[in-house]
Amino acid sequence: MSGTPVRGARWATPPPGASTDELEAESRLALIGERLREHLRPRLTVPAGPPDRGIAHDLRDLLDARLLEATTLDRAARLLHAH
């Protein structure tokens, strides 16, 4: 497994000298970490139905309300009580 790139990892960080969208990079890294944990976690039960989409809508509302305000994924999670 060493030397195998993680699909999507190259999108998580910009090339040297490029501008950085911290929220996007942080979001992509969180998604990659979540996918890795899911793939590496032992399967003990059959996966449940689709997850509740409520937090996604809450996050969209939060980001829309703070459109001109920079925020991090960690701050958004605290505000939405998603930790």
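Tutor: Start with Thr72. Its relative accessible area is 35%, so Thr72 counts as partly exposed (buried is under 20%, exposed over 50%, partly exposed in between, with a 1.4 Å probe and protein chains only). The model is predicted, so local features need pLDDT of at least 70, side-chain atom pairs count only at pLDDT 80 or more, and totals for chains, interfaces and linings use all residues. Numbering runs from 1 along each chain as its sequence is written, and side-chain values use heavy atoms, without hydrogens or water.

Thr72 sits in the loop between α3 and α4. Helices here are DSSP runs of H or I, at least four residues long, numbered from the N terminus. Set aside the neighbours within four places in sequence: Thr72 then contacts Leu23 and Glu26 (contact means heavy atoms within 4.5 Å). Leu23 is 49 residues away from Thr72 along the chain, yet their C-alpha atoms are 5.5 Å apart.

Now take α2, residues 22–40. This helix has 19 residues. From first C-alpha to last, α2 reaches 27 Å, close to the 27 Å expected at 1.5 Å a residue; the expected span is 1.5 Å times one less than the number of residues. Which residues of α2 are buried? They are Ala25, Ile32 and Gly33. These three lie on the same side of α2, because they cover an arc of only 100° around the axis, taken from the directions from the helix axis to the C-beta atoms. The face turned away from that buried side carries exposed Glu34, Arg35 and Arg37.

Methods
Helices (H or I, at least four residues) and strands (E, at least two) are DSSP runs, numbered from the N terminus.
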